[in-house]
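Please look over the sequence and the structure below before reading on. The paragraphs after them go from one residue to the whole chain and back to single elements.

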Amino acid sequence: MHAWICHNPTGTDALQWEEVPTPEPGAGQARVAVKASSLNFPDILICQNKYQFKPTPPFVPGSEYAGVVEAVGDGVANVKPGDRVMVIGGTGGFGTHAVVPAEKLVPMPAGMSFEHGAAFLMTYGTTQHALLDRGQLKAGETVLVLGAAGGVGTAAVQIAKAAGARVIAAASTDAKCALCKEIGADATINYSTENIRDALKALTGGKGPDVVYDPVGGDLAEPVFRSIAWRGRYLVVGFAGGGIPALPLNLSLLKGAAIVGVFWGDFVRREPQAFQRDLQQLAQWYAEGKVTPVMDKTMPLADLHAAYARMGARQVVGKLVLLQP
Ligand SMILES: NC(=O)c1ccc[n+]([C@@H]2O[C@H](COP(=O)([O-])OP(=O)(O)OC[C@H]3O[C@@H](n4cnc5c(N)ncnc54)[C@H](OP(=O)(O)O)[C@@H]3O)[C@@H](O)[C@H]2O)c1
C-alpha cells in the first residue's frame, strides 16, 4: 500500500508519499480499501501537533474517508468484505488502505457515492450535533453561520434549513456568499466588506441571531457575540481563522446567552446511542435531498499538497475530496 506519512508533526508540507507494508487486520479490526477522503481543517492541526487529538508519529493523517471493507479480523460481526463504509476516523484516510477498529465503520446510506461518503460523517455529524443538540436550534429561530462556504459551514446552512430555521450565512467574499444563497441561505453577510454588527441588526430587526455557529473564531467572535439575541447560544466549533478569541463574560450575563462548546469526536465516543440517532436522522435527510455535500472539486490523492495549498488560501468552497482508483 501507499500512504502520506507524517514523521514530524511540523505541518502538511512535511507529509511524504511512501510505500509501506499492507497491514493485516487484528482481532476486532477491519482493513478498508480507501476510495475517497476529504480535506478537513483539523487534519492541518493534527499534522502540526496542535489539535486536541495527538497521534504518535509516524502516522497517516486523514480523518474523514469512505471505502470498501477488504478483510476483517477475528470477532468482527458488524461488517464483512465488500461492504461500502464511512469511517469514524481520526487518522488513516490519506492512504490507499487503512486498518481500523470495526466499531468505527458506518455503512454508507444506499445510493451514496464515495465522494459524498468521504464528505459526510464528520462534516455533517459535527454540525448536526452542534446545531440541534448543543445549540437546541428550533424551527423559526435565526441562525448565523460564520465561514458559511467552508466544509462544516455549508453543512450548517443545509442542516439549519432542514430544521426549519432562518439562515444568515457569513463569508469572506461575494462569490462565497452567492454559493451560500444557492444552497439555501436566506440572507448573507460579506464580513470582509460589511460591518457585521450593522448587518446583523438590519437583518434581524435589531434582535440578533438566536444561534451562532462559529468554526472561524478570531476577531469576528466578539462583535458577533455582542449582537446575539436574548437567550442566544454561541456555538464554539473551531478556530480556522487562527486566533482563539477571549470573550468578556459580562456579555453573556447581559444577554442571558450561553457559550456552548462542541466536540464531535468525544460526543461519538461518550454518547454512542445519541450518535446512532443522529446518523439515522442524517441518512433520512440525505435520502430526502435536504442535505447533500457541496463539492468544491475532486483531485487525485497524490495531489494532497496542492489540495492543502488550496485550503490554506481559503479557496475551498464546500468540500475538497481526494479520489483513488
Ligand atoms: N468541534 C468539532 O468537533 C469540529 C469538528 C470538525 C471541524 N471543526 C473545526 O471547524 C473548523 C472548520 O473546519 P472545515 O474543515 O470546515 O474548514 P474549511 O472548509 O477550511 O472552512 C473554514 C472556513 O474558515 C474561514 N477562514 C477564516 N480565516 C481562515 C484562515 N486563515 N484559513 C482558513 N480558513 C479561514 C474560511 O471562510 P472565509 O474565507 O469565508 O472566511 C473557510 O471557509 C476548523 O477550525 C475545525 O477544526 C470542529
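Is Asp-133 buried, exposed or partly exposed? Asp-133 is partly exposed, because 16 other C-beta atoms lie within 10 Å. The classes are set by that count, with C-beta atoms placed from the backbone: 20 or more other C-beta atoms within 10 Å make a residue buried, 12 or fewer make it exposed, and values in between make it partly exposed. This is a predicted model, in which local features need pLDDT of at least 70 and side-chain atom pairs count only at pLDDT 80 or more, while totals for chains, interfaces and linings use all residues. Residues are numbered from 1 along each chain as its sequence is written.

Asp-133 is part of helix H3; helices (H or I, at least four residues) and strands (E, at least two) are DSSP runs, numbered from the N terminus. Between Asp-133 and Ala-274 the C-alpha to C-alpha distance is 9.5 Å, with 141 residues separating them in sequence.

The chain as a whole has 11 helices and 15 strands. Its radius of gyration is 20 Å, close to the 20 Å that the globule rule gives for 325 residues, so the chain is as compact as a globular protein of that length. The radius is taken over C-alpha atoms, and the rule is 2.2 Å times the number of residues to the power 0.38. Along the principal axes, the C-alpha atoms fill a box of roughly 60 × 35 × 35 Å. Buried residues make up 47% of the 325 in the chain. Of the contacts with a separation of 6 or more, 66% join residues 24 or more positions apart; a contact requires C-beta atoms, placed from the backbone, within 7 Å.

The domain assignment gives domain 1 (2-120 + 293-323) and domain 2 (126-265), with bounds that come from an automatic or database assignment. The C-alpha centres of domain 1 and domain 2 are 28 Å apart. Nine residues from domain 1 and 11 residues from domain 2 take part in the contact.

The largest nonpolar core holds 98 residues, and Val-145, Ala-148, Ala-160, Ala-169 and Tyr-213 touch the most other members. Such a core is a set of buried Ala, Val, Leu, Ile, Met, Phe, Trp, Tyr and Cys residues joined through C-beta atoms within 7 Å. Helix H4 (residues 151-162) gives the most to this core, seven residues. Domain 1 and domain 2 each supply at least three residues to this core. Leaving out residues up to four places away in sequence, Ala-148 touches among others Gly-153, Thr-154, Ala-156 and Val-157.

In H4, 11 of the 12 residues are buried, including Gly-151, Gln-158 and Ala-162. The end C-alpha atoms of H4 are 17 Å apart, which agrees with the 16 Å that its 12 residues should span at 1.5 Å a residue; the expected span is 1.5 Å times one less than the number of residues. Gly-164, with a positive phi near 85°, follows H4.

The ligand is surrounded by 29 residues, the closest being Phe-41, Gly-147, Gly-150, Gly-151 and Gly-238; a residue is near a molecule if its C-beta atom, placed from the backbone, lies within 6 Å of it. H4 gives the largest share of this shell, three residues.

Finally, Lys-80 sits in the loop between strand S4 (64-72) and strand S5 (84-88). Lys-80 counts as exposed because it has 12 C-beta neighbours inside 10 Å.

Technical notes: Contact = placed C-beta atoms within 7 Å.
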